[in-house]
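Visitor: Hi, could we talk through the aromatic rings in this one?
Guide: Happy to, here it is.

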Amino acid sequence: MSLNQLIENCKINDTKAQGELYKLFSSKLFSLCLKYSRNRVEAEDNLQDAFLTIFKKIEQYKNKGSFEGWLKRITINTVLQRYRNEKVFDIINENIIEDVELEVDEDTVSIDYLLQIIQELPDRYRLVFNLYVLDGYSHKDIADMLDINIGTSKSNLARARLSLKETIENYKTMQSLQSL
């Protein structure tokens, strides 16, 4: 069955088509959920919520633009809605700090370690960092998505980079000491 036929069948609530669509896209969307969620269990919950929203709103997809892009946008918005509801951005100090350059030496810091420390960032920093650096959203888009102002987005990105930089520097220092 073609993707277009699968989409059309999902629009009429065909559970078999919904299962096929889930099989087709769940691993990609789960990776996206992992990137924005605090942990694996929360990512699994977010994936389920995203698919519920996808099936509820699939009628709105008009075969314009990338279907996968549409799925990703719904998934990101589903995860972000959870954080908006939890009000993780209410306690942010709006003092903008100067942005920090973050350079990663791939020979000393593995991609797995980098992903791990990104995952460990506080929610507000992790969300902004992922949206800006990994997914290419502008600060205006991020501010709109998270219902914060642009200055908060910029500040949180700078704080995320600073935190990552400090963690990486500590990691490198520990690696150097262990090699002595």
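Guide: First, the pairing rule: rings of Phe, Tyr and Trp (its six-membered ring) pair if their centres lie within 6.5 Å; planes under 30 degrees apart count as stacked, over 60 as edge-to-face and the rest as tilted. This is a predicted model, where local features need pLDDT of at least 70, side-chain atom pairs count only at pLDDT 80 or more, and totals for chains, interfaces and linings use all residues. Residues are numbered from 1 along each chain as its sequence is written, and side-chain values use heavy atoms, leaving out hydrogens and water.

Visitor: Which residues form one aromatic cluster?
Guide: Phe-25, Tyr-61, Phe-67 and Trp-70 do.

Visitor: And how many aromatic pairs does the rule give?
Guide: The count is 7. One of them joins Phe-25 and Phe-67, edge-to-face, with 5.8 Å between centres and 70° between planes.

Visitor: Is Phe-67 buried or exposed?
Guide: Buried, at a relative accessible area of 4%. The cut-offs are under 20% for buried, over 50% for exposed and partly exposed in between, using a 1.4 Å probe and protein chains only.

Visitor: What about Phe-51 and Phe-55?
Guide: They form a tilted pair, 5.7 Å centre to centre with 40° between the planes. Both sit in helix α3, 4 residues apart, so about one helical turn separates them.

Notes
Helix = DSSP H or I, 4+ residues; strand = E, 2+ residues; numbered from the N terminus.
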